[in-house]
Amino acid sequence: MASGMSHLIVAVRQGETLDRYQILLGRSADVPSRLRHVQIGPDTYDAAHDSEVTGALLRAMADDADLGSGESRLRFRHMADVAIDVGARSLVIGAEQSNTSLVFGDAYICKLFRRLTPGVNPELEIVTALAERGSAHIATPYGWIETDLDGEPTTLAIMQEYLSVANDGWALALTSVRDLYASLPEVGADEAGGDFAAEAYRLGTATAHVHRELAAAFPTGVVEPPDVKRMAEMLRRRLDQAIAEVPALGGRAGIAHDAYNDLADITGPVPVQRVHGDYHLGQVMRTPTDWIVLDFEGEPGQPLAERRALSSPLRDVAGMLRSFDYAARHMLADHPDAASLEDRAQEWAARNRASFLAGYSEGAGRHLEAEEAALLRALELGKAVYEVVYEARNRPSWLPIPLAAFS
């Protein structure tokens with residue numbers, strides 16, 4: 001692909017499962033010391049970390065270049081009417097499980113998808129469609145890289161605006177929670193320094209705007225009552241499975257069963273559309289002017305068809321409500337004063353959940369109707385059921401966080 005760099009797609013078969021992984025491979029008779037931490041063999045290393053060669057990605061994207069031939073041909077594309085600074089140097093940031101992100105200067109962030117699934121990545125599909133509609137709540141897309149896998153155009157990377165002066169929503173929420181916990185006991189969440197409620201309201205408004213833009217940019221549909229009832233039964237089965245694995249949930253399950261009963265009683269069609277699919281405080285950034293939504297690729301472990309499937313936008317709302325609970329309570333795990341801080345955690349979560357929902361109603365131009373509220377409650381508890389199992393398996397000290405949703 002460039003001097004000193006090759007592009008590989010490695011196929012790994014485990015039994016009947018075939019996975020493909022993308023690697024930028026660098027070669028050097030003497031691997032520089034600055035790259036020893038990503039050395040693969042005596043003369044090879046992960047070239048994504050080599051700023052001396054990754055500039056080739058920018059140049060190819062700026063040129064709309066096609067490199068290679070046949071099924072292995074790489075196609076570099078950029079958005080219309082954008083200029084790409086090919087002189088920016090890269091730096092790998094973060095420690096992501098399924099992607100590698102390269103920041104070029106203070107202008108671009110290029111996400112390389114390490115594990116590849118044949119097909120167009122939902123993030124590329126969504127951000128380009130929203131950019132064409134002039135959305136104010138996405139990071140501007142600049143370009144992408146693709147190839148063909150199994151005869152399908154497949155996204156290898158997407159490059160967007162780097163929000164160099166933005167703050168992560170999770171970090172901002174935690175700062176607010178810390179301020180509340182450090183304040184005097186008689187000070188409420190609305191009086192403590194760093195109150196987050198105004199930001200939660202703005203985030204709710206931005207979320208509703210994004211949902212409206214998604215509904216305008218992509219097909220929509222409805223789920224009829226019989227399918228809603230099947231959804232309730234599916235949630236009930238997942239609840240039973242969770243109780244079998246985490247018996248502590250059993251004594252609290254009545255709340256979920258009541259919510260699923262209310263869901264099954266819905267008599268009207270439920271609107272569905274494209275949604276974010278993995279929405280929480282870690283997926284949003286606060287710029288000096290507004291909230292920006294990131295990572296529209298959905299849950300990376302799910303098939304592309306499921307990530308593209310139409311769903312109720314309240315699924316995203318439920319995910320964010322759960323994220324507020326996590327922000328309020330996760331610092332209580334193993335905290336010596338957890339019992340005395342429990343009421344403050346509950347107050348912070350309730351205040352910001354209410355503010356987010358008020359902002360969402362403002363952005364949507366209406367309040368949730370009774371059946372929508374029932375759907376939201378069921379989706380939120382369904383998410384909490386998943387969290388109970390996840391925390392029991394991976395972070396037992398965090399198990400009280402999702403269990404609190406059933407009280």
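Predicted model: local features only at pLDDT ≥ 70, side-chain atom pairs only at ≥ 80, totals over all residues.
## Second largest pocket

The second largest pocket holds about 1,200 Å³ of space. Its lining is made up of 37 residues, and those closest to the centre of the pocket are Met-234, Leu-235, Arg-238, Glu-299 and Arg-315.

Sorted by class, the residues lining the second largest pocket are 18 nonpolar, nine polar and ten charged.

## Helices around the pocket

Four helices are named as each giving at least two residues to the lining of the second largest pocket: helix 5 (225-245), helix 7 (304-308), helix 8 (314-329) and helix 10 (370-394). Helix 10 provides the largest share of this lining, with ten residues.

Met-234, Leu-235 and Arg-238, which are among the residues closest to the pocket centre, fall within the range of helix 5 (225-245). Arg-315, also among the closest residues, falls within the range of helix 8 (314-329).

## Largest cavity

The count of cavities of 30 Å³ or more comes to one. The largest cavity contains about 30 Å³ of space.

The residues that line the largest cavity are Thr-207, Val-210, His-211, His-276, Tyr-279, Val-293, Phe-296 and Asp-316. By class, this lining has four nonpolar residues, three polar residues and one charged residue. Helix 4 (residues 197-217) gives the largest share of the cavity lining, three residues. Asp-316, part of the cavity lining, lies within the range of helix 8 (314-329), a helix that also supplies residues to the lining of the second largest pocket.

Key. Residues numbered from 1 in each chain as written. Heavy atoms only, no water. 1 Å grid on protein atoms, 1.4 Å probe; cavity = no way out; pocket = protein on both sides within 12 Å on 5 of 7 lines; lining within 4 Å. Points joined across faces, edges and corners; volume = space filled by probe spheres on them. Nonpolar A, V, L, I, M, F, W, Y, C, P; charged D, E, K, R; others polar.
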